[in-house]
Amino acid sequence: MPDLIYSAIKTAAQRQIRQLAVLIDPDKMDAERLPDLAELLNINKVDYVFVGGSLMTGSFFNDCTQWLKEHVEAPVVLFPGSSLQVNPAADALLLLSLISGRNPELLIGSHVVAAPMLKSSGLEIISTGYMLIESGKLTSVVYMSNTTPIPSDKPDIALCTAMAGEMLGMKLIYLDAGSGAGRPVPASTIRSVKKNISVPLIVGGGIRCTASAAAAWQAGADVVVVGNALEKDPLFLDELCRERDLANKVRV
Ligand code: 1GP
């Protein structure tokens, strides 16, 4: 499988181009709202659309993924909360190993079970060292993963974990405070992880204002992920993209 999406993320990261991914949780989306959202995503030239959720109770995942692939210009990347969230219509899938935790199922177990299905899906599979950072509140992902997140005031633990992930061959590191986090990943943690790895760094969770996104990019995030805040106010996307473009000096 060609690594088109990974190459795009990596090339942009090497050029220090800040990228934005919008996370869509199909449980919190419906078919009526998708067209307006797609228009916003296309107008603002969002870099990636991530699709997934730590717990999915509805049945919209497959239709939502397919629809986004057909109507949105940005690549559609699966960010699966479980092996049920796989759809070959997408462009790529982040194969998350939860390296901040010690739950064997999320480190390797579910990957073994899903491997044949992933292989036959034809999806570009991107090995991702996924790290949860404590955020001041019990997020769904922390509860569902049955793991302890890395304390937010222990950047050393975060950086050693990220370094180990890279040494194990993971192609991306994702620092996540969790969807709807009380506070985003601290800039000090982002900075120290970024200084010690050479693979691209994704940061998300609890980003609700442009200042938080700017702080994450400034500290070294290559891709910032925003979900919740856009579910509440889709027009926030315009501000976020302005901030990204300002940081990239594309437009003022
Ligand atoms: C969660 O990083 C993502 O995994 C996005 O979080 O929904 O809080 O923006 P939010």
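The largest pocket has a volume of about 910 Å³. A pocket is an open set of points on a 1 Å grid over the protein atoms alone, with protein on both sides within 12 Å along at least five of seven lines, and a volume is the space filled by 1.4 Å probe spheres set on the points. The model is predicted: local features need pLDDT of at least 70, side-chain atom pairs count only at pLDDT 80 or more, and totals for chains, interfaces and linings use all residues. Residues are numbered from 1 along each chain, and side-chain values use heavy atoms, without hydrogens and water.

**Pocket lining**
- The lining (residues with an atom within 4 Å of a point) comprises 48 residues, of which G53, S54, P80, G81 and V141 are the closest to the pocket centre.
- Elements giving two or more residues to this lining include β4 (92-98), α4 (104-121) and α5 (140-145); helices have at least four residues and strands at least two, as DSSP runs.

**Helix α3**
- In α3 (residues 61-71), F61, C64, T65 and L68 are buried, that is, under 20% relative accessible area with a 1.4 Å probe.
- These residues lie on the same side of α3 because they cover an arc of only 100° around the axis, taken from the directions to the C-beta atoms.
- D63 and E70, on the other side of α3, are exposed, meaning over 50%.

**Residue P234**
- P234 lies in the loop between α9 and α10 (236-247).
- P234 counts as partly exposed (between the two cut-offs) because its relative accessibility is 35%.
- The C-alpha atoms of P234 and L37 are separated by 7.0 Å, although the two are 197 residues apart along the chain.
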